[in-house]
Amino acid sequence: MKNLLSAAVMGLAIGVTGQAAAEPLKIGMITTLSGGGAGLGMDTRDGFMLAIKQAGNKDIEVITEDDGQKPELAVQIADKMIQSDQVDILTGIVWSNLLMAVAPSAVAQGKFYVSTNAAPAALAGEKCNPLYFNAAYQNDNLHEAMGEYANKDYKKMFIMAPNYPAGKDSLTGFKRYYKGEVAAEVYTQVGQTDYAAEIAQIRASGADGVFIFLPGGMGIAFMKQYSQSGVKTPVMGPGFSFSQDVLPAIGDAALGVKNSGQWAKDLDNEANKKFVPAFQAEYGRLPSIYAVQAYDAAQLILSAAAKADVKDTEAFRAELLKADFQSPRGKFKFNTNQHPIQDIYVAEVVKEDGVLTNKIIAPVFTDHGDAYAKDCKM
């Protein structure tokens, strides 16, 4: 799937200047628009394009292609975008295994990569790179918050994630802060749809809480089957497992679930009060955490493009580092490894006017960085 989208026509950006870039800027977005992870990629694309449209900068062009959640296809698309389409910046990958296949090669070819979501530990630490920026988080962060939150009420946790880089980072992050007993640590297949065996393990584990990181279709399948199983052990997870894009499909099985995030639609700041209705007006649905991260990635690129030519690598990088934009998350700045330092909250899934959504109930971390910045030698 390929769509050629150029920036057009919508008013002023929220917190981003509409000044034209010094030279035309071409962005290659590789994201997941088919299969079980399509909702994540669609929100990524739509959040990014909302910021581009709002900027009204006709010198910025975005080329979007579907990676089908396949690393080999993502690599092929990236090579074509760099060599044939001659993009200046790559972005949009949702999944960490795909990003690990694409980003090192992209930066080695002198291209910037700005991540809208995937944030594997390796790229935050020893394999950090001056051309690689992450506008979302580091993979461990939201899981760390749930580990800290679980200490309040849970003595014995069953923890589960898919067997790929982000899944391993998720359980590592949870365990970094959780002080209780881990009843079992289970890794499932990526794309798995049948969780009968894992639910039986939960039932037999004696755990008083369950932590899952199962994004996209995986989480939908698990939560539906878990609700039908009759197991009553409370479930919690990071925001990606209970983000706005999957809540309608999970249904009432998600009600009351606690989950962590650096953003929710009720976060009280001016940028968020503008972003949420603007996204709803443009796309007819509430935004998810994937949408806001992509929106900020676009704002970040726009803020740098307003001040520097992307062909001047050092000048453009210096402007990216400033993170000179207003995020719907509120505070946002970069750590030494070019990953965010930000606040992280716990939210609860509630129903408002018949619509399932997340409502913030408590802050967990303030100005939270990641555990790998110390290993980044930039």
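Predicted model: local features only at pLDDT ≥ 70, side-chain atom pairs only at ≥ 80, totals over all residues.
Student: What makes Gln293 count as buried?

Tutor: The label applies to residues under 20% relative accessible area, and Gln293 has a relative accessible area of 0%, so it is buried.

Student: Which backbone oxygen lies 3.0 Å from a polar atom of the Gln293 side chain, and why is that called a polar contact?

Tutor: The oxygen belongs to Thr116. The cut-off for a pair of N or O atoms is 3.5 Å, with one atom able to donate a hydrogen and the other to accept it, and the computed distance here is 3.0 Å, so the pair falls within that limit.

Student: Which residues are in contact with Gln293, leaving aside its neighbours within four places in sequence?

Tutor: They are Thr116, Asn117, Ala135, Ala136, Tyr137, Gln262 and Arg329.

Student: How many aromatic pairs does a search of the whole structure find?

Tutor: The search finds 18 aromatic pairs. One of them joins Phe133 and Phe334, with 5.4 Å centre to centre and 70° between the planes.

Student: What makes Tyr195 and Phe222 an edge-to-face pair?

Tutor: Tyr195 and Phe222 are 5.6 Å apart centre to centre, with 90° between the planes, which again meets the limits of 6.5 Å and 60 degrees. Tyr195 lies in the loop between strand E8 and helix H7, while Phe222 lies in helix H8, so the pair ties together parts that are 27 residues apart in sequence. At 0% relative accessibility Tyr195 counts as buried, and Phe222 is likewise buried, with a relative accessible area of 0%.

Student: How do you know that the span of helix H3 is close to the expected one?

Tutor: Helix H3, residues 96-108, has 13 residues and reaches 18 Å from its first C-alpha to its last, close to the 18 Å expected at 1.5 Å a residue.

Student: Where does H3 bend, and which proline follows?

Tutor: H3 bends by about 25° at Val102, and Pro104 follows within four residues. Val102 is also among the buried residues of H3, which include Leu98, Leu99 and Ala106.

Conventions: Residues numbered from 1 in each chain as written. Heavy atoms only, no water. Helix = DSSP H or I, 4+ residues; strand = E, 2+ residues; numbered from the N terminus. Expected span 1.5 Å × (residues − 1). Bend = angle between axes of the 7 residues up to and from the residue. Buried < 20%, exposed > 50% of the residue type's maximum accessible area, 1.4 Å probe, protein only. Contact = heavy atoms within 4.5 Å. Phe/Tyr/Trp six-rings, centres within 6.5 Å; stacked < 30°, edge-to-face > 60°.
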